[in-house]
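Then I went on to the helices beside it.

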Amino acid sequence: MSIAAKQLKSDLRKRIKQKLMNLDPAVAVEQSQSIIKQVLSCEKFKQSSRIGIYLSLPEEVPTFSIVKWILNEGKECFIPRYNKVEMRLVKLHSLEDLDALPETSWKIKQPLETEERTDACTGDGLDYIIVPGLAFAKGGDRLGRGKGYYDKYLEELQRFNCERNLRPTYAVGLAFIEQMVDEIPTSEHDFKLNKVFYPI
């Protein structure tokens, strides 16, 4: 990626972070309700058996109610486990399991590295994945926080599906209106989402 494109991404991250800081909490709640309703009524989502989902930060569209729905429906739920090198999506067993998870220094709940958990890139892979991001475009382009965790994992997941003749994983993003932009500078390593849910 060119230096100019990197600068454009950096500037966009700063701009979106500022917008999120200024977002009225009541407006965020109203937008979140619209987004979550769309997700829970999505046929592809409802038909999926193995679902990956992030555990939201305070400034992100909240995902707890979606996690709760997945588990209550008896579906398999996979959540991120990060370290300095990579991210894996590992199995979450129950809401009690979620409550008991320790928090990282980023205030994100995740299983300990030493704890054995089923990785989503085993067996039947993932049918559906809900991906976080800072900015999104309607066409599916996404701007993350700059670490590349999800782009790398989605690329691996795509290879995993191909090698085992599995259906491609349906990847979506959740965005406040303030996170939607007309265009995002991308490179060949940036993974395009199938859909972005945002308030309509």
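My entries on the sheet and its helices follow.

**Ground rules.** I am working from a predicted model, where local features need pLDDT of at least 70, side-chain atom pairs count only at pLDDT 80 or more, and totals for chains, interfaces and linings use all residues. I number residues from 1 along each chain as its sequence is written, and side-chain values use heavy atoms, with hydrogens and water left out.

**Sheet.** I looked up the strand order first. Six strands form an open sheet, β3-β2-β1-β4-β7-β8, with mixed pairing. I took helices (H or I, at least four residues) and strands (E, at least two) as DSSP runs, numbered from the N terminus. Two strands count as paired if DSSP finds at least two bridges between them. At the edges I found β3 and β8 (195-197), each pairing on one side only. On average, neighbouring strands are turned by 25° against each other, direction ignored.

**Strand β1.** I followed β1 (residues 50-53) next. Three bridges join β1 to β4, and the two run parallel. Towards β4, isoleucine 51 stands opposite tyrosine 128, and glycine 52 stands opposite isoleucine 129. β1 also pairs with β2 over three bridges, again in the parallel sense. There, glycine 52 stands opposite phenylalanine 78. Are the faces of β1 buried or exposed? Both are covered: Arg50 and Gly52 on one side, Ile51 and Ile53 on the other, are all buried. I used under 20% relative accessible area for buried, over 50% for exposed and partly exposed in between, with a 1.4 Å probe and protein chains only.

**Crossover.** β1, helix α4 (residues 64-72) and β2 make a right-handed β-α-β unit. Right-handed means that, with the strands pointing away from the viewer, the path from the first strand over the helix to the second runs clockwise.

**Helix α2.** I checked α2 (residues 25-40) against the sheet. α2 touches β4, β7 and β8, and its direction makes about 135° with that of β8. Contact means heavy atoms within 4.5 Å. Axes are lines fitted to C-alpha atoms, for helices over the stretch in contact, with angles from 0 to 180 degrees between N-to-C directions.

**Helix α6.** α6 (residues 149-163) lies across β2, β3, β4 and β7, at about 70° to β3. Its 15 residues reach 21 Å from first C-alpha to last, close to the 21 Å expected at 1.5 Å a residue. The expected span is 1.5 Å times one less than the number of residues. I listed buried residues of α6, among them Tyr149, Tyr153, Leu157 and Phe160. After α6 comes asparagine 165, whose phi is positive, near 55°.
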